[in-house]
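Please look through the structure below with the sequence at hand.

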Amino acid sequence: MILWGTFDKNEIVILLMLVIFYSIFFLLPKKFCRDITALFFLWGLTIGIFFDFTIGGGLIDYYKLNDSNEYGLNDMLYYLSFAPFSYFFIYFYELLQINAKTFIWYVVGWSLLGVGLQWVFTLVDIVNFKNGYKLLYSLPVFMLSQTITGLYYQFIRSKRKVMCSDEKQQT
């Protein structure tokens with residue numbers, strides 16, 4: 001693993017993105033129990049790494065992250081950006097009171113946001129497509145991962161209490 005090849009715009013964007021995403025997380029009112037928060041941070045990190053190791057350089061090599069084919073610190077920092085996104089997905093799921101009728105539109109909205117962010121990532125050389133891969137191919141990948149995340153959250157919510165009061169979160 002390398003630290004990074006060169007420190008340029010993609011590394012700067014990743015660091016800025018992490019500061020923004022984690023600042024938003026800390027500024028939002030806490031809704032979920034700590035274990036649910038940790039679970040969905042881990043879930044987002046896992047989903048990002050899973051898809052990167054399958055279509056992004058593992059089984060099928062459709063894109064390269066950052067400056068090198070070797071994994072580096074900036075790749076790990078990029079994966080950390082998926083963690084708050086998973087949390088934001090369930091946070092706004094609860095805030096907007098998503099139900100069976102609105103779920104598909106919620107997933108489509110988040111998937112379009114994912115494609116939009118990936119487009120920005122291609123502009124700043126965080127994601128570099130290869131082997132004929134097109135940005136639009138990511139839409140079903142995002143729809144699948146968002147649908148699984150929503151269904152997983154519904155499953156967890158049906159089995160246990162996910163929301164905690166502010167007093168309990170402080171202790």
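Phenylalanine 32 and tyrosine 87 are both buried. The model that shows them is a predicted one. The ring centres of phenylalanine 32 and tyrosine 87 lie 5.7 Å apart and the ring planes meet at 80°, so this pair is edge-to-face; the angle has to be over 60 degrees for that label. Phenylalanine 32 sits in the loop between H1 and H2, whereas tyrosine 87 belongs to helix H4, so the pair ties together parts that are 55 residues apart in sequence.

Tyrosine 87 also pairs with tyrosine 91, with ring centres 5.8 Å apart and planes at 40°, so this pair is tilted. Tyrosine 87 and tyrosine 91 are 4 residues apart in helix H4, which means that about one helical turn separates them. Both of these tyrosines are buried. Tyrosine 91 has a further neighbour: lysine 31 lies over the face of its ring, at 5.5 Å from the ring centre. In total, the count of aromatic pairs comes to 32.

H4 runs over residues 82-95, and its 14 residues should span 20 Å at 1.5 Å a residue; the end C-alpha atoms are 20 Å apart, so the two values agree. How many residues of H4 are buried? The number is 11 of 14, and the helix is mostly covered. Among the buried ones are Phe85, Phe88, Phe89 and Tyr93. They pack against helices H1, H2, H3, H5 and H6. After H4 comes glutamine 97, which has a positive phi near 50°.

H5, one of the helices that cover H4, has 21 residues and reaches 30 Å from its first C-alpha to its last, close to the expected 30 Å. Its buried residues include Tyr106, Trp110, Gly114 and Phe121. H1, H3, H4, strand S2 and H6 are among the parts that cover the buried residues of H5. Aspartate 125 follows H5 and has a positive phi, near 65°.

A search of the whole structure finds 1 disulfide. It joins cysteine 33 and cysteine 164, whose sulfur atoms are 1.8 Å apart. The pair links distant parts of the chain, 131 residues apart: cysteine 33 is in the loop between H1 and H2, and cysteine 164 is in the loop between H6 and helix H7. The link is right-handed, with 90° about the S-S bond. Cysteine 33 has a relative accessible area of 8% and is therefore buried. Cysteine 164, at 14%, also counts as buried, because the cut-off is under 20%.

Key
Residues numbered from 1 in each chain as written. Predicted model: local features only at pLDDT ≥ 70, side-chain atom pairs only at ≥ 80, totals over all residues. Heavy atoms only, no water. Helix = DSSP H or I, 4+ residues; strand = E, 2+ residues; numbered from the N terminus. Expected span 1.5 Å × (residues − 1). Buried < 20%, exposed > 50% of the residue type's maximum accessible area, 1.4 Å probe, protein only. Contact = heavy atoms within 4.5 Å. Disulfide = S-S within 2.5 Å. Phe/Tyr/Trp six-rings, centres within 6.5 Å; stacked < 30°, edge-to-face > 60°. Lys NZ or Arg CZ within 6 Å of the ring centre and 35° of its normal.
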